[in-house]
Amino acid sequence: MNPLEELHAEYRRELPAKVQAISQLWTTRQMKELQRALHTLAGSAGTFGMPEVSAAAREAEDYLEACGPALDAAQQAGFQRLFEAICSQAGAP
Amino acid sequence: MKRVDADVVYALTERGSAELSSGRTALSSTELSVLVLLDGKSTVGQIRARAGALTVEVVDKALERLLRSGHILPAVDVTSDHIDAGNFFSASVSEADAAAATLKANGFFVKFAQRAAQSRKLAAGQKILALVVEDDPQLAKLVRTYFQMDGMETRLAGNREEINACLRQLPKPDVILLDVVLPDVDGFDVLARLRQHEAVKDIPVIMMTAKATREAVLKGLERGAAGYLTKPFHIDTLLTAVKTVLGLAGGGPPKPK
């Protein structure tokens, strides 16, 4: 495995932990950090060969941006669906 | 000189789209800004209004050049009976909001870098030094590894303090790759400061960011970025962009005759 392949493999290995960290931010409603973590995931996942994860993270980031800092019940449910899409694309539980 | 008609709508041709996505370009910052503003729906009048610091004359000249070079073409015939002119010309209260929404809409992905004014050839053993400002350690490592494989050296910085520390070191970097969303500083502000600082103002800066909006790309161009790559990107494209802004072989494109 060349160094680039190793880095890609490392990213894939650590992806579930990244998704878990996002889940934790969502659970604790740390919205600014959550948006930032989604932004980072949207930027990096595609570069590491996972464009679907990137797209799902970007959609969730855009959703939060559109909702503003306080989400009502319907918006929370909407975000939960988008987060589950990220988990599904990332193969995270 | 005949003024460009304010009612015309221009759209990017295939060549125009390619110019914003190939990782390299021979266009000027002004021409790039106008290309970024053209969404295939807005009239020239609306584009002029959104062009910020660019004067009407500058925008019009850029449009004429882009038209001549085949980067843009008229999108629709606004005199046609089939066009709902009201969409384009009504001065409704919401027009400014719509313009702002267009500029801020996420999903405007570009990959371009402006060619250096002069070609450059490295001396035997000479290595390019890149400062990579990226707070995602894995992405920073990927870029560094790839650059090393191509014979380049890198310095990594992930926050304001590290950026300052890296810029104080000698030799100065040949090129700076700059993320926008950083933990304690905005990359656009860093860009503006770099452009004002005598010691580093001539170092080409390529924005490398997940900020994928027309507004963000324009901000980068206005503040003097030599290139803009939205994430995600292919790492090859990043290398092409670096070589382009440095005038090295493997960048491009060749100077127009």
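Modeller: The largest cavity has a volume of about 70 Å³, where a cavity is a set of points, on a 1 Å grid over the protein atoms alone, at which a 1.4 Å probe fits but cannot get out, and where grid points are joined across faces, edges and corners and the volume is the space filled by probe spheres set on the points. This is a predicted model, in which local features need pLDDT of at least 70 and side-chain atom pairs count only at pLDDT 80 or more, while totals for chains, interfaces and linings use all residues. Side-chain values use heavy atoms, without hydrogens and water; residues are numbered from 1 along each chain as its sequence is written, and chains are lettered from A and ligands numbered from 1 in the order in which they are written. By this rule there is one cavity of 30 Å³ or more.

Lining residues, which have an atom within 4 Å of a point, include His39(A), Ser44(A), Asp179(B), Ala210(B) and Lys231(B). The lining divides into three nonpolar, four polar and five charged residues, with Ala, Val, Leu, Ile, Met, Phe, Trp, Tyr, Cys and Pro counted as nonpolar, Asp, Glu, Lys and Arg as charged, and the others, Gly among them, as polar. Helix 2 (residues 31-47) of chain A gives the most to this lining, with four residues; helices (H or I, at least four residues) and strands (E, at least two) are DSSP runs, numbered from the N terminus.

Two of the lining residues, Asp179(B) and Lys231(B), are also among the contacts (heavy atoms within 4.5 Å) of Thr209(B), a residue found in strand 7 (residues 205-209) of chain B.

Conventions: On a 1 Å grid over the protein atoms alone, a cavity is a set of points where a 1.4 Å probe fits but cannot get out, and a pocket is an open set with protein on both sides within 12 Å along at least five of seven lines; lining residues have an atom within 4 Å of a point. Lists of a residue's contacts leave out its neighbours within four places in sequence.
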